[in-house]
Amino acid sequence: MSQSDIAIEVRGLTKRFGDFVANDHISMQIRSGEVHGLLGENGAGKTTMMNMLSGILQPTSGEILVHGQPVHLASAKDATRLGIGMVHQHFMLVENFTVLENIMLGVEETKGLGVLNRRAARDKVMALSKQYGLAVDPDAKVGDISVGMQQRAEILKVLYRNADILIFDEPTAVLTPQEIKELLAIFQRLAQEGKAVILISHKLNELQAVAKVTTIIRRGKVIDTVDTKATSTEKLAELMVGRHVTFQRDRVPMPAGPEILKISHLQVVDNQKVTRVHDFDLTIHGGEIVGLAGIDGNGQSELVRAITGLMPTAGGQVTIAGQDRTGATPRQITRSGVGHIPEDRQRYGLILPMSLVDNMSLQVYTVAPYSHHGVLNQKAMVTTTEQLLDQYDVRHSSIMEPAGALSGGNQQKLIIARELSREPQLLIAVNPTRGLDVGAIEFIHSQLLAARAAGHAILLISYELDEIRQLSDRVAVIHQGTIVGQAKTSDLSESEIGLLMAGETVPGKEEMLHAD
Amino acid sequence: MRIKNIHLGNLWISVTSVILGLLVGAIIMLLSGFNPIENYISLFTGAVGSPNAIGEVLREATPLILTGLGFAVANSAGFFNIGLAGQALAGWLASVSFALAFPHAPGFLLLPGAILAGAIAGALWSGIAGFLRAYFGASEVITTIMLNYVALYATNAIVKGMLAKGDGDYSPTIPVQARLRTPFLEHLTQNSTFHWGILISLAAVIVVWWLMKKTTLGFEIRAVGMNEDASRYAGMSTKRTIISAMLISGCLAGLGGAMEGLGNFQNIIVNTALPSIGFDGMSVSLLATGSPVGIVLAAILFGLLKIGGLNISIASTTPPEIVDIVIAAVIFFVGANYIIRYLGIKLHRPSKPQPPVAANTAPQAAVDTRAEQAAEEGEDNQ
């Protein structure tokens with residue numbers, strides 16, 4: 001391949017924050033017409049590097065070459081001018097504007113006197129949309145369209161600015177499996193049309209599907225650049241975390257324990273009077289993990305909030321270890337032996353500005369030894385926090401630092417430590433590994449399996465089908481607020497679960513699915 | 001719970017705000033043709049130049065500490081209590097009324113009773129806003145502003161109609177045994193209005209610090225203020241917590257009013273405007289960034305400026321409003337602390353591109369807080 005194929009190259013790129021080196025002499029070359037994966041754990045320095053390529057941060061030393069020319073990127077504007085476009089994980093779209101208006105925003109073409117030339121913009125957008133297979137409705141308001149279409153609008157926005165180097169920062173974190181598939185196809189299309197695509201990810205299967213080469217970064221340094229297809233998943237994971245990672249989850253057979261959770265005919269209506277959950281029946285025994293599969297928004301959040309007392313129930317019954325807990329307060333439910341790893345760890349699971357000690361004590365601060373007659377026992381809180389942070393390997397610099405200073409993975413570990421340390425009879429885990437890297441996922445899965453082996457009942461709700469299939473003894477599928485089928489995990493294939501999730505039936509298995 | 005270097009960061013901002021405020025005042029004096037150096041010297045001597053001046057400064061600071069604490073407690077629960085002035089007025093009225101109602105009661109009963117009456121009245125007044133917010137979601141900003149007016153005019157009607165003798169517009173002076181001012185303190189400070197209330201204020205500082213840091217209620221107030229959803233997840237009753245915080249806030253403001261009634265004025269008068277200790281208390285709390293010790297310092301600073309400022313117009317032709325401009329400028333820079341942080345970052349650019357918050361954390365944490373924070377937030381907020 002000739003030198004001219006290299007769209008962007010970095011040489012010895014280094015970024016320091018004070019004494020800390022976020023990027024340490026990174027060198028890599030990204031070619032036009034291919035997808036280049038950038039793989040690394042949370043905190044490895046991927047985002048820092050991409051912020052330098054897109055002009056948001058300036059390197060401490062090293063150089064960036066675009067099409068062979070050394071460049072200085074002082075701002076995001078410089079990067080745009082040189083054809084570098086970044087699609088952020090958080091979409092930068094104005095909800096009240098249409099797709100077209102969002103794409104035009106900042107580079108509006110006018111017919112003079114400030115009158116927008118919408119026709120010209122629309123023609124260009126539609127041409128790009130067709131060329132790259134990016135289906136959007138240009139006149140729909142961004143607030144009304146799916147997350148997948150919002151992302152396509154973001155990509156069009158970058159292409160509209162004539163980018164030929166596109167950077168995607170963890171683009172699939174917010175997408176459903178179907179949308180991920182579509183996005184991966186779009187990446188291939190972009191590469192075919194001659195664009196250089198940089199895909200930042202820690203999802204190995206996605207990189208293997210589309211990236212020709214992958215550069216692995218660990219602790220700010222380039223570890224290796226490999227031919228993705230020729231490298232096994234295990235090898236990629238090992239390069240990323242620096243040790244061997246297993247994908248095999250060992251589920252020892254467990255005798256059926258006592259019935260811990262019994263939900264019957266549960267109905268949940270939200271405050272807009274929309275029925276979110278109806279005729280919902282589910283039973284979980286001790287020593288059992290039941291995975292609840294479903295597409296996001298089919299009543300999973302409302303179900304969990306109703307079971308944990310955060311939302312009122314409109315009918316039916318929730319029984320925990322033989323006690324009727326329908327309509328109980330969150331604290332009564334917690335006290336009856338329920339642990340809850342919430343869906344949104346920053347909104348529900350943690351109080352980010354509070355210290356690790358305070359966050360670790362969140363569920364127990366009212367009971368001895370953590371408080372007596374309303375007076376906190378700081379010493380007991382600190383002792384327990386130190387012990388749990390250590391036991392669950394939560395990487396931190398001080399127990400008094402705010403929880404918001406931890407990385408996402410360590411925040412999640414803190415929540416898991418807090419919830420599991422109370423030895424709950426029932427653990428409700430919602431997307432427990434969302435956004436985490438393989439090392440952290442492996443740890444959290446092993447903790448869930450250990451809780452199972454200790455005889456606890458676990459309700460696992462996840463949008464990751466792989467996770468459900470790896471961990472669960474039984475799979476139940478929720479669709480439009482009710483269970484449309486459940487079976488032993490081994491009795492259902494991935495595609496059969498997918499059919500149920502979409503509200504279809506599985507030919508030949510109808511009876512088995514409703515036997516429970 | 002805050003880590004130490006955040007406190008230092010806030011202290012730095014408060015000190016910078018004060019300096020910038022004084023500078024702005026100096027510029028205005030220069031532009032108006034007055035000598036700022038001369039004026040600041042007379043401000044300083046007017047504030048600390050004699051035992052009398054020091055006594056007046058501490059008397060000025062006494063109620064501000066209490067209203068400042070009151071604002072800070074409510075603010076910890078995420079509650080913006082603009083009603084401190086009305087709550088203080090309710091406390092003032094109640095304490096004076098109590099003292100006048102039992103003119104022959106012994107001092108060891110009358111004085112604590114009057115103080116307690118002030119605290120309870122303030123708490124009841126703020127409790128109305130707390131209740132409306134907790135059960136009906138009514139914005140406390142609006143309800144407390146309205147309650148301020150109700151307090152002002154209701155108090156005036158009571159003073160004029162019930163307490164004042166004849167056609168007067170002030171109540172009789174409270175009995176000697178209910179007064180916080182004593183001959184001993186007057187003698188000590190050359191007949192200043194300094195009174196024992198300062199001890200109540202300092203005790204309140206310690207109690208509030210203990211309450212917020214060491215009790216489950218304080219834990220709940222801080223938690224609810226920072227994240228209501230997570231507090232509910234942890235089983236806290238957000239309604240009960242909001243009302244508790246508001247009652248404590250109003251109780252402190254009411255105490256502040258009682259200090260005016262039992263210490264400074266020793267009666268209650270028909271006011272044309274709400275007592276300034278309410279709004280000044282907010283400013284004190286903001287300047288102190290909520291820290292109890294900071295509130296004491298900020299209240300004393302306010303006392304210094306106000307009492308010293310009187311001396312400016314005595315010693316020169318400079319109008320006393322200049323001091324109000326300085327105070328306003330200080331508060332402006334506290335409110336606009338973003339500007340100060342930004343300037344600080346610019347000045348420190350070459351070595352420290354970030355605010356001093358994470359300066360001494362270990363490298364691993366530095367990765368998490370800076371380099372990949374954007375990525376984490378992205379993943380986590382979905």
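B:L23 sits in helix α1 (residues 4–31) of chain B. Helices here are DSSP runs of H or I with at least four residues, strands are E runs with at least two, and numbering starts at the N terminus. The model is predicted, so that local features need pLDDT of at least 70 and side-chain atom pairs count only at pLDDT 80 or more, while totals for chains, interfaces and linings use all residues. Residues are numbered from 1 along each chain as its sequence is written, chains are lettered from A and ligands numbered from 1 in the order in which they are written, and side-chain values use heavy atoms, with hydrogens and water left out.

With a relative accessibility of 47%, B:L23 counts as partly exposed. That class lies between buried (under 20% relative accessible area) and exposed (over 50%), with a 1.4 Å probe and protein chains only.

Chain B has 17 helices and 0 strands. Of its 382 residues, 53% are buried. Among contacts (heavy atoms within 4.5 Å) in chain B with a separation of 6 or more, 76% join residues 24 or more positions apart. Helix α9 (residues 216–226) of chain B is mostly covered, with 8 of its 11 residues buried. Among them are B:F219, B:I221 and B:V224, together with B:E220 and B:R222. B:N191 lies in the loop between α7 (183–188) and α8 (197–214) of chain B. This residue is not a glycine, yet has a positive phi of about 60 degrees. B:N191 is exposed, at 62% relative accessible area.

In chain A, 4 strands form an open antiparallel sheet in the order β12-β11-β14-β15. Its edge strands are β12 (275–285) and β15 (323–324), each pairing on one side only. Pairing requires at least two DSSP bridges between strands. Strand β14 (residues 315–320) of chain A runs antiparallel to β15(A) over 2 bridges. A:T319 stands opposite A:D324 in β15(A). Helix α9 (residues 300–307) of chain A packs on this sheet and touches β11 (259–269), β12 and β14 of chain A; the helix direction makes about 120 degrees with that of β11(A). Axes are lines fitted to C-alpha atoms, for helices over the stretch in contact, and angles run from 0 to 180 degrees between N-to-C directions.

Elsewhere in chain A, β6 (residues 84–87) pairs in parallel with β7 (residues 165–169) over 4 bridges. A:G85 stands opposite A:L166 in β7(A). A:I84 and A:M86 point one way from β6(A), A:G85 and A:V87 the other; all are buried.

A:A209 belongs to helix α7 (residues 204–210) of chain A. This alanine is partly exposed, at 34% relative accessibility. Beyond neighbours within four places in sequence, A:A209 contacts A:L184, A:Q188 and A:K229.

Two loops of chain A carry backbone features. The peptide bond from A:A368 to A:P369 is cis, with omega near 0 degrees. A:P369 lies between α12 (356–360) and β17 (371–372) of chain A. A:H67, not a glycine, has a positive phi of about 50 degrees. A:H67 lies in the loop between β4 (61–66) and β5 (69–71) of chain A.
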